[in-house]
Structures are given as C-alpha cells and as structure tokens.
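Hi everyone, thanks for making time for this. I'd like to walk you through one structure, so please have a look at it first.

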Amino acid sequence: MKPVHTIDDVIITLGNIILESKTNNNPLGYFATLYRKVTIKVKEGIDNDFFDDGPRMEKLDVIFANRYLDAYFTFQENKTVTKSWEKAFNLSNKYWPIVLQHLLIGINAHINLDLGIAAAEVAKGEDIENLKGDFDKINEVLSSLVKEVENDLAEIWPTLKKILKWTRNVDDFLVDFSMKLARDGAWEFAKELSSSPGNMITELIRERDVKVAEKARIVIKPGFIVQIVLMIVRLGERGTIKDKINDLNE
C-alpha cells in the first residue's frame with residue numbers, strides 16, 4: 001500500500017480496492033464503495049466549510065481511513081488484524097450474507113472500534129470536547145449515506161424493499177445497528193482513551209476490540225427467523241458482485 005497522507009490519497013486507494021474487488025469478484029468491495037462515497041462527501045464538506053476545523057477534519061479522516069486500509073492490506077497478506085476486522089473480512093468468504101450485512105459488519109468494526117481511536121489521536125494534547133461538533137458532523141454524513149444505500153438496495157432488489165416494509169424482525173435487526181448507537185459508543189470510547197494514561201491505551205483498545213467483535217454476531221447470526229428472511233433476500237439479489245458494486249457506486 002502506498003502511503004496515505006491526504007484525503008485525496010484515501011479516495012484513490014479506496015478506488016483501487018474497488019477495482020481489485022470487481023476484478024476478483026470480492027464482496028469486500030461493497031464496504032470500500034460505501035466508504036469512498038463517505039470520504040468524497042467529507043472532502044466536499046471540508047471544501048465548503050461544513051466542518052468547524054477543515055484541516056483537523058482532514059487529519060481525522062486520514063487517521064481513521066488508515067486504520068481500515070492497514071487492516072485490509074494486512075488481511076490480504078494473511079497476517080493478524082483486529083478481531084473486529086477479522087470478523088468483517090471473513091464474511092467475504094461466505095455465500096449467504098446479503099450486501100447490507102457486508103456493509104453493517106464493516107461499519108461495526110470501523111465506527112465502534114476505529115473511530116474512537118482516531119478521534120482520541122487527533123485530539124491528543126487538547127480538550128477532546130472541542131472535537132465533538134465535527135465528530136457529530138462526520139457521523140451525519142455517514143448516517144445519511146447508509147440510509148441512502150439502504151433505499152438504493154431496496155429499489156434494486158424488490159424482495160428487500162417488501163421485507164423492510166413488512167417484516168418487523170428485520171427492522172429490529174437494523175435498529176440494533178443504528179448509526180446513533182454506534183456514534184455514541186464511539187464518542188464515549190474516544191473520551192475514555194483521551195483521559196487514560198498512555199500505558200493503558202493498548203489494553204483499552206484490546207478490550208474494546210473483543211466487545212466490538214462480539215457485537216458482530218448480530219450481523220452474522222441474527223437469529224433463525226431473521227436468517228431465513230435474509231436468505232430469501234439473498235436469493236433475490238441479482239447480478240454478480242461486480243454488478244452489485246456498480247449499483248452501490250451509482
């Protein structure tokens with residue numbers, strides 16, 4: 001992986017992952033596609049003074065993205081990654097998860113673990129509360145795009161649209177992974193890291209990683225009834241992985 005120092009570097013590297021995923025028919029391209037859309041929106045926000053501190057937001061974006069990119073390329077080399085990302089990446093080897101599950105398990109690892117770490121790092125030496133406004137804004141961007149993707153998927157696969165409308169079990173499943181809960185948990189974790197002595201940080205991250213990896217089971221094994229519903233949705237998904245990535249990219 002080439003060094004990633006700017007938000008433009010992030011966008012380019014994510015684009016390379018997407019191209020590689022389409023070539024290899026790899027479901028990991030789903031999350032990379034969503035993430036690239038988020039990063040482009042953040043860049044637009046920086047350019048349009050949406051954030052309180054544009055340069056700080058770019059720094060946060062780069063630190064945050066590098067945690068995902070490092071995990072992705074480390075996993076490609078068959079080396080050890082965090083338990084949270086291991087759960088997400090291993091899902092790509094299975095047939096039955098639907099596109100939305102691939103996105104949610106990536107969000108679980110990246111928001112619930114990585115975002116708090118990145119926020120604490122960018123606020124190092126300062127009062128982390130000064131970052132709260134922009135922290136919420138970057139999550140607003142992500143939340144809006146996740147909702148947009150859900151709607152797009154429902155339009156592409158009518159079976160999903162009907163199920164999301166009529167099946168309460170799937171709705172509850174999605175609520176469990178609501179962006180608000182993920183955001184609030186990430187902020188509390190960021191504050192905990194920011195207020196802890198340096199010699200405790202590694203252990204705090206390890207403990208958090210274990211908890212976040214456990215939460216992934218909600219996506220992987222959501223229960224018998226929900227699993228049956230998702231299997232029906234999966235059978236209704238049309239096209240190759242490349243086709244689905246292209247659909248997400250529109």
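This is a predicted model: local features need pLDDT of at least 70, side-chain atom pairs count only at pLDDT 80 or more; totals for chains, interfaces and linings use all residues.

Let's begin with helix packing. Two packed helices are described by the angle between their axes and the distance between the axes. Take helix α4, residues 83-90, and helix α5, residues 99-122: they pack at an angle of about 170 degrees, and their axes lie 8 Å apart. Since angles over 145 degrees count as roughly antiparallel, that is the description for α4 relative to α5.

Which residues make up the contact? On the α4 side we have Ser-84, Trp-85, Lys-87 and Ala-88, and they meet Ile-105, Gly-106, Ala-109, His-110, Leu-113 and Asp-114 of α5. By type, the residues of this contact divide into five nonpolar, three polar and two charged.

In soluble globular proteins, nonpolar side chains tend to be buried together. Here, the largest nonpolar core has 65 residues, and the members that touch the most others are Leu-34, Tyr-35, Val-38, Val-42, Tyr-68, Trp-85 and Phe-89. And which helix gives the most to this core? That is α5, with twelve residues.

Let me pick out Val-38 from that list. Leaving aside residues up to four places away in sequence, Val-38 touches Val-141, Leu-142 and Leu-145. There is also a second, separate core of eight residues, with Ile-117, Ala-120, Phe-189 and Leu-204 among them.

Now to the charged side chains. How many salt bridges are there?

First up, Glu-77 and Lys-79 form a salt bridge in which the closest N and O atoms are 3.2 Å apart. Lys-79 is exposed, at a relative accessible area of 53%.

Next, Glu-188 pairs with Lys-191, and here the closest N and O atoms are 3.4 Å apart. Both sit in helix α9, residues 179-194, and because they are three residues apart there, about one helical turn separates them. Glu-188 is partly exposed, with a relative accessible area of 47%, and Lys-191 also counts as partly exposed, at 26%.

Then there is Arg-217, whose side chain meets that of Glu-214 in a salt bridge at 3.8 Å, N to O. Arg-217 is exposed at 52% relative accessible area, while Glu-214 is partly exposed at 49%. As for the network, salt bridges with shared partners join Asp-8, Lys-43 and Asp-47.

Last topic: the backbone. Most residues other than glycine have a negative phi, and most peptide bonds are trans.

One place is Asn-25, which has a phi near 55 degrees without being a glycine. Asn-25 is in the loop between α1 (7-24) and α2 (28-47), and with 40% relative accessibility it counts as partly exposed.

Another is Asn-78, also not a glycine, with a positive phi of about 60 degrees. Asn-78 lies in the loop between α3 (54-76) and α4, which brings us back to the helix we started with. At 74% relative accessibility, Asn-78 counts as exposed.

That's my tour, and I'm happy to go back to any part of it.

Conventions. Residues are numbered from 1 along each chain as its sequence is written. Side-chain values use heavy atoms; hydrogens and water are left out. Axes are lines fitted to C-alpha atoms, for helices over the stretch in contact, and angles run from 0 to 180 degrees between N-to-C directions. Helices (H or I, at least four residues) and strands (E, at least two) are DSSP runs, numbered from the N terminus. Angles under 35 degrees count as roughly parallel, over 145 as roughly antiparallel, 65 to 115 as roughly perpendicular and the rest as oblique. Contact means heavy atoms within 4.5 Å. Ala, Val, Leu, Ile, Met, Phe, Trp, Tyr, Cys and Pro count as nonpolar, Asp, Glu, Lys and Arg as charged, and the others, Gly among them, as polar. A nonpolar core is a set of buried Ala, Val, Leu, Ile, Met, Phe, Trp, Tyr and Cys residues joined through side-chain atoms within 4.5 Å. Buried means under 20% relative accessible area, exposed over 50%, partly exposed in between (1.4 Å probe, protein chains only). A salt bridge is a side-chain nitrogen of Lys or Arg within 4 Å of a carboxyl oxygen of Asp or Glu.
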